[in-house]
There are 2 protein chains.
Amino acid sequence: MNFSSKLIEEAVSAFASLPGIGRKTALRLVLHLARQQPEAVEQFAEAVAKMRRGIRECERCHNLSDTPVCNICADPRRDQSLICVVEGIRDVMAIEDTGQYRGLYHVLGGVISPIEGVGPAELNIDSLIQRAQAGGVREVIMAISPTIEGETTIFYISRKLKAPGVNISTIARGISFGGELEYADELTLGRSIVARVPYKGGGEE
Amino acid sequence: MNFSSKLIEEAVSAFASLPGIGRKTALRLVLHLARQQPEAVEQFAEAVAKMRRGIRECERCHNLSDTPVCNICADPRRDQSLICVVEGIRDVMAIEDTGQYRGLYHVLGGVISPIEGVGPAELNIDSLIQRAQAGGVREVIMAISPTIEGETTIFYISRKLKAPGVNISTIARGISFGGELEYADELTLGRSIVARVPYKGGGEE
């Protein structure tokens, strides 16, 4: 692309360095910003810079946080005896959005994947074991994607995590609500038959 | 979406205010930036803020520019007797990308559209007339989209622009190079037959 403006060119390059943003999209965004009030654009830039300056990992659960301990870990109304283990912070948000969980989290930062060179040492597993063994925890819920790497990670953690009185569970797997059987993959459908649950009348379990 | 971090939430809102960026995409971008080096993110924010602080309209052609007169207008190697009239700055970039034009531009800032409340007074038409009448201009090329509004705009300008020795032309219209006749719209195909040009042997005209 041929820019007659160096300023536009640099801003386009900045946006185009973001994942999933090509140079055409970047140009569209920059031309939009060029038309906005200067104060609005300063605010945009400041929100981004401020975020990176202030953001850190929660020292307990490794979620992104504005403070040394994140809002969720610091909330006394949450059930401190439940730890939900997830791969990433997006999973925390997804589970929070359901409104169905009031315990704490532990963000692993990925799953064990020998192909991608991710071993247990690269993940936040040691701190999870320490949290579970420190007492006060009655259940560790594995909310990890049901892939080969995910299952390996669950298996590894379940072996390491030997703490008295701590149960390990995984989230329920099966056919999605509203999903049609004929379109479900064979593995999910097959396992959902093997792992069938007793029918308990009209409502959900 | 449920953010445990106010900083993330504000940065997501900032990105989600951009056109075509939803909250999920905004979150993806913010989480990407949260993982980058702080200096890289400062640079990103600074490139955006600096662009808006420094950018202005070229006082001659109304193209976006870092300086009072843009690089194109200020370039002595360009043909000062040709003015290509376009709707927006993206058209300038598109024509520059072809490498086929070495004259100057004039950015109207839109086309006459009574439905959208855009009249001649809202566009940079007066300054175009002044440029053409100031002398030294031999041709004004209308590179305006062939829509009803575009044609109206061309007609309006052609009536206003009465300067001795200044020719008015429009860019060639017809079937795209590489385009297949059967997929061309009727209007384009019909007009391309009416406005047929003599065949001049093997090369392009």
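Which domains does the domain assignment give for chain A, and what does strand 3 of chain A pair with?

A: This is a predicted model, in which local features need pLDDT of at least 70 and side-chain atom pairs count only at pLDDT 80 or more, while totals for chains, interfaces and linings use all residues. Residues are numbered from 1 along each chain as its sequence is written, chains are lettered from A and ligands numbered from 1 in the order in which they are written, and side-chain values use heavy atoms, with hydrogens and water left out.

The domain assignment of chain A gives domain 1 (6-54) and domain 2 (64-198), with bounds that come from an automatic or database assignment. The centres of these two domains, taken over C-alpha atoms, are separated by 36 Å.

Strand 3 of chain A covers residues 79-86; here helices (H or I, at least four residues) and strands (E, at least two) are DSSP runs, numbered from the N terminus. Because 6 of its 8 residues are buried, strand 3 of chain A is largely enclosed by the rest of the structure, where buried means under 20% relative accessible area, exposed over 50% and partly exposed in between, with a 1.4 Å probe and protein chains only.

Two strands pair if DSSP finds at least two bridges between them. Strand 3 of chain A is joined by 5 bridges to strand 4 (residues 103-107) of chain A, and the two run parallel; in this pairing, A:Val86 stands opposite A:Val107. Between these strands the chain passes through helix 5 (residues 89-98) of chain A, and this β-α-β crossover is right-handed, a term that applies if, with the strands pointing away from the viewer, the path from the first strand over the helix to the second runs clockwise.

Strand 3 of chain A is also joined by 4 bridges to strand 5 (residues 139-142) of chain A, again in a parallel arrangement, and there A:Cys84 stands opposite A:Ile141.

In chain B, 4 bridges likewise join strand 3 (residues 79-86) to strand 5 (residues 139-142), which run parallel, and B:Cys84 stands opposite B:Ile141. Strand 5 of chain B is in turn joined by 4 bridges to strand 6 (residues 167-170) of chain B, also parallel, with B:Met142 opposite B:Thr170. Together with helix 7 (residues 148-160) of chain B, strands 5 and 6 of chain B make a right-handed β-α-β unit.
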